[in-house]
Amino acid sequence: MITAASVAKASLNVETDALTQALLSDGYLIVPRLLDAEAIDRLCAELDPHFTAAPFGDGLFYGGETKRFGAVLKRSRAAQGIALHPAVMNLVERVLGDWCQCLQLNLTQAIEIHPGAPVQVPHRDQDMWAGPKGAMHYMVNVMWALDDFTAENGATRLWPKSHLGDQDAMLPEEEAVPAVMPRGSACFFLGSTLHSGGANRSAAPRRGLIVSYCLGWLKPWENQWLAYPPPVAREFPPEIAALVGYRQHLPSLGNYEGQCPSLLLGDDPLPDHLPFTDALKEEHHELMRQYYAGLGAGASPVQTSDGVRDEGGASLAAG
Ligand SMILES: O=C(O)CCC(=O)C(=O)O
Ligand SMILES: [Fe+2]
C-alpha cells in the first residue's frame with residue numbers, strides 16, 4: 001500500500017500546492033476515492049459494454065492479454081466530467097502551466113489487464129517526444145482505478161523519484177511500487193516517471209482509465225481531431241471541445257483557415273475562404289506596436305474592419 005504519496009480527498013481543494021509538491025517530489029501521487037460511489041459507478045457502467053466489445057491487444061507493449069480502447073470521451077459522458085475534474089485540472093495546470101499557453105488532452109485510454117497478463121515493459125510516456133528531457137514537464141497522466149488496484153491484479157507499477165534521475169535509466173524491478181488504491185481513486189504520474197502495467201496474478205480482470213494531459217503545443221499520442229471529428233465534438237461541452245483541440249494555442253497554433261477551429265463546431269456552414277485573424281499573445285501585439293512605432297509615421301498600419309492593413313491596402317497580418 002502506498003501511503004507516503006497518498007493524500008486524503010478532503011484536503012484536496014485547500015492543498016493543491018501540497019499535492020503538486022508531492023507529485024513533483026515523488027513523480028506520482030495517489031488520491032484515494034477522488035470519485036464518489038455514484039460517479040465511479042456511472043463511469044464503469046458506461047464503459048462496461050466497450051470493455052466487452054474491445055479486442056485484446058497485439059504486440060509486447062500493448063499486450064495480448066490486455067484490452068484497450070481510446071476515444072473514451074465520445075463513449076462516456078461520465079468520462080467527460082472526469083476529464084475536467086476541477087481538482088485534476090488545478091493540479092495539472094500547476095505542473096504544466098508554465099510551459100504552454102493552454103493544455104490539451106494527450107489521450108484517453110481504457111485498459112483491462114486480464115488474468116495471466118505479464119508485467120508491461122517499464123517506460124516513460126514522454127519518450128515519444130524528441131525534445132530535451134529533465135528541464136521541463138511535458139505531460140501528466142491520471143490513472144483512474146475502475147476496480148480496486150492491488151499488487152496481485154496488475155496495479156500500475158511506479159518507480160518513485162525516477163523522474164529526477166537519468167531519464168534513460170531502467171531501474172531495478174524491486175524498486176517498483178504498485179499503485180494500490182481502491183476503486184474511484186486517481187493515481188497521478190508525470191511523463192518522466194518510470195512505470196508499467198503490473199502482472200495480473202488474480203482471477204479477475206483489472207480495469208483502469210488513463211486520462212493524459214500534455215503541453216498544448218505537442219503532438220498528442222492519440223490524434224484528438226480524428227478521435228473527435230467536428231460532428232462528434234459539436235456535441236461536447238465547450239471545455240471538452242477546447243481540451244481536445246478545438247481552440248488555438250497562442251500564437252495561432254492549431255488554427256483552421258487562420259481562425260479558431262471551434263468555428264467548425266457551429267451550426268452554420270462555413271464559407272470556402274475565411275479572413276485570417278490574428279490570435280496572438282499580448283507580447284506579440286506589443287512587439288508589432290514597437291516595430292511600427294520604430295518605422296515612424298506613414299508606415300504604421302491602420303486597423304480596418306477586415307483586420308490589420310497598411311494604408312495601401314496590402315495585408316500585414318502575420319500568417
Ligand atoms: O495499465 C497500466 O497500469 C499502465 C499502462 C501504461 O503505462 C501504458 O500503456 O502506457
Ligand atoms: Fe505508460
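**The iron site and its neighbour**

Let's start at the metal: the iron ion (ligand 2) is held by NE2 of His 123, OD of Asp 125 and NE2 of His 195, at 2.1 to 2.4 Å. Donors here are N, O and S atoms within 2.8 Å of the metal (3.2 Å for Na, K and Ca), and water is not among the atoms, so the site may look incomplete. This is a predicted model, where local features need pLDDT of at least 70, side-chain atom pairs count only at pLDDT 80 or more, and totals for chains, interfaces and linings use all residues. Residues are numbered from 1 along each chain as its sequence is written, chains are lettered from A and ligands numbered from 1 in the order in which they are written, and side-chain values use heavy atoms, with hydrogens and water left out.

Along the chain, the iron donors are spaced H-x1-D-x69-H. Asp 125 sits in the loop between strand S3 (103–113) and strand S4 (139–145), while His 195 belongs to strand S8 (residues 195–196), so this pair ties together parts 70 residues apart in sequence. Strands are DSSP runs (E, at least two residues), numbered from the N terminus.

Now for ligand 1. The residues around it, meaning those with a heavy atom within 4 Å, include His 123, Asp 125 and His 195, along with Phe 61, Ile 111 and Met 143. Its oxygen atoms also find polar partners (N or O pairs within 3.5 Å): a side-chain N or O atom of Thr 156 is 2.6 Å from one ligand 1 oxygen, one of Arg 68 is at 2.9 Å, and a polar side-chain atom of Arg 206 is likewise 2.9 Å from a ligand 1 oxygen. The protein covers 94% of the 300 Å² of accessible area that ligand 1 has on its own (Shrake-Rupley, 1.4 Å probe).

How values were computed: A polar contact is a pair of N or O atoms within 3.5 Å; within protein, one must be able to donate a hydrogen and the other to accept it, and residues adjacent in sequence count only if both atoms are side-chain atoms. Helices (H or I, at least four residues) and strands (E, at least two) are DSSP runs, numbered from the N terminus.
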